[in-house]
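This report covers a sheet and the aromatic ring pairs of one protein model. The sequence and structure come first.

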Amino acid sequence: HGCRFRRLFENMLGRQDMTTRREHRKLQTGSIDGFKLWSTHQQSNPNLLKQLEENDVIDLQLYGTDNFSIEAMFSGDVSKVQFFFDEYSRREGRQPFFLAGDGGSYDYIYTVGPIGDVGTHTITAIPISRWGDEGKPLSLTFSTVVEGGLTASSGYPYYGVSSTTSTVTGVSGFKLWNTDIETNPQSVKDLVDGDE
């Protein structure tokens with residue numbers, strides 16, 4: 001009986017050890033740290049616009065396009081991300097983690113049409129470790145708008161909205177552009193008083 005009791009006791013310890021390891025793995029699951037907004041007007045030459053914040057506003061006139069994608073920023077052990085965007089859901093299993101996927105790099109990023117739809121949107125991303133354990137979800141809500149007296153329409157030209165659909169109401173700010181490649185200008189930042 002002593003041998004059986006020892007094996008039973010060792011099996012119980014082994015199960016306890018497995019439970020401890022499983023809980024330890026869950027603690028090591030990475031996290032979603034935020035979201036980045038990308039212009040995908042040219043999907044094969046995407047442009048990082050900004051980091052999205054809670055209650056952010058995406059102004060279609062400001063960016064001159066309604067073609068966007070969103071990247072989930074992460075840290076730690078994340079091998080997949082489960083996305084939820086309004087009524088849309090998708091699991092992305094390749095870094096970088098984009099809502100509609102990518103070509104495995106920043107060289108080609110697919111457009112998510114509904115981001116450019118005027119209205120309020122919610123995105124949620126759940127990190128998934130290489131073991132399949134889910135981490136804490138991160139969500140934020142933002143609005144897509146058309147400011148400056150524009151009428152909502154699809155397919156805004158990249159360099160701004162044509163004069164036939166806009167009413168100029170005044171200058172609301174300035175943006176710095178990198179025009180090293182004149183056929184593909186890249187937004188650098190919004191200028192504020194005192195910038196050098």
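In this predicted model, five strands form an open sheet in the order β3-β9-β8-β5-β6, and their pairing is mixed. The edge positions belong to β3 (56-59) and β6 (88-92); each has a single partner strand, so one side of each is left without a neighbour in the sheet. From one strand to the next, the twist averages 25 degrees.

Strands of a sheet pair through backbone hydrogen bonds, which run either parallel or antiparallel arrangements. Within this sheet, β5 (residues 80-85) pairs with β8 (residues 119-128) in the antiparallel sense, over six bridges. Phe84 has Thr124 of β8 standing opposite.

The aromatic residues are a second topic. Seven aromatic pairs are present in the structure. Two of them are listed below with their ring geometry.

| Pair | Centre distance | Angle between planes | Class |
|---|---|---|---|
| Tyr63 and Phe68 | 6.2 Å | 80 degrees | edge-to-face |
| Phe98 and Tyr106 | 5.9 Å | 80 degrees | edge-to-face |

Planes over 60 degrees apart count as edge-to-face, and the planes of Tyr63 and Phe68 stand at 80 degrees, so this pair falls in that class. The planes of Phe98 and Tyr106 are also at 80 degrees, so the pair is edge-to-face.

Tyr63 counts as buried at 11% relative accessibility, and Phe68 is buried with a relative accessible area of 0%. Phe98 counts as buried at 0% relative accessibility, whereas Tyr106 counts as partly exposed at 39%. Phe98 and Tyr106 also belong to a cluster that ring pairs form together with Trp38.

Note on methods: Residues numbered from 1 in each chain as written. Predicted model: local features only at pLDDT ≥ 70, side-chain atom pairs only at ≥ 80, totals over all residues. Heavy atoms only, no water. Phe/Tyr/Trp six-rings, centres within 6.5 Å; stacked < 30°, edge-to-face > 60°. Buried < 20%, exposed > 50% of the residue type's maximum accessible area, 1.4 Å probe, protein only. Pairing = 2+ DSSP bridges. Helix = DSSP H or I, 4+ residues; strand = E, 2+ residues; numbered from the N terminus. Axes fitted to C-alpha atoms, helices over the stretch in contact; angles between N-to-C directions.
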